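Visitor: I would like to go through the salt bridges here. Please show me the structure.

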Amino acid sequence: MAKIEDILIQMKNNPNDFRFSDLTKGCIHYFGQARKKDGSHHVYKIPWKGDPRINIQNHKGKAKAYQVKQVLLAIEKLEVEHATER
C-alpha cells in the first residue's frame with residue numbers, strides 16, 4: 001500500500017497517468033469517506049464554503065487528469081488553512 005506522501009508526489013509528477021485507487025486513498029485520507037458513490041463517481045465533502053465537494057471519476061482504472069489537479073488544489077488549500085490555525 002502506497003504511503004500518502006508517495007501518492008502526493010505521484011499526483012504532482014504525473015496527473016495524466018494516475019490510478020483511481022490511489023486518488024481515492026488520498027481523498028479518504030484528507031476528506032474522509034466518500035459521501036456518495038454512484039457508479040464510477042465518488043464525491044467527497046470539503047470543509048469550506050463555495051462548491052464544497054470533490055468529484056472524482058474512475059475511467060478504466062485511471063483518474064482523469066483535471067480531477068487529480070482539483071484534488072491537489074483542495075489538499076493544498078486544506079493544508080494552508082490548517083497551517084494558519086496553528
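Guide: A salt bridge is a side-chain nitrogen of Lys or Arg within 4 Å of a carboxyl oxygen of Asp or Glu. Keep in mind that this is a predicted model. The structure holds three such bridges.

Visitor: Why is the contact between Lys62 and Asp17 called a salt bridge?
Guide: Their side chains come to 2.9 Å, N to O. The cut-off is 4 Å, so the pair qualifies.

Visitor: What makes this pair a tie between parts of the chain?
Guide: Lys62 sits in strand S5, residues 62–63. Asp17 sits in the loop between helix H1 (4–13) and strand S1 (18–19). The two parts are 45 residues apart in sequence, so the pair ties them together.

Visitor: How do you know whether Asp22 is buried or exposed?
Guide: Its relative accessible area is 2%. Buried means under 20%, so Asp22 is buried.

Visitor: Why is Arg19 called partly exposed?
Guide: Arg19 has a relative accessible area of 44%. Lys25, at 30%, is partly exposed by the same cut-offs.

Visitor: What makes Arg19, Asp22 and Lys25 one network?
Guide: Asp22 meets Arg19 in a salt bridge at 2.6 Å, N to O. Asp22 also forms a salt bridge with Lys25, with the closest N and O atoms 3.5 Å apart. Both distances are within 4 Å, so both count. Asp22 and Lys25 lie in helix H2 (residues 20–31), three residues apart, about one turn of the helix. Shared partners join Arg19, Asp22 and Lys25 into one network.

Conventions:
Residues are numbered from 1 along each chain as its sequence is written. This is a predicted model: local features need pLDDT of at least 70, side-chain atom pairs count only at pLDDT 80 or more; totals for chains, interfaces and linings use all residues. Side-chain values use heavy atoms; hydrogens and water are left out. Helices (H or I, at least four residues) and strands (E, at least two) are DSSP runs, numbered from the N terminus. Buried means under 20% relative accessible area, exposed over 50%, partly exposed in between (1.4 Å probe, protein chains only).
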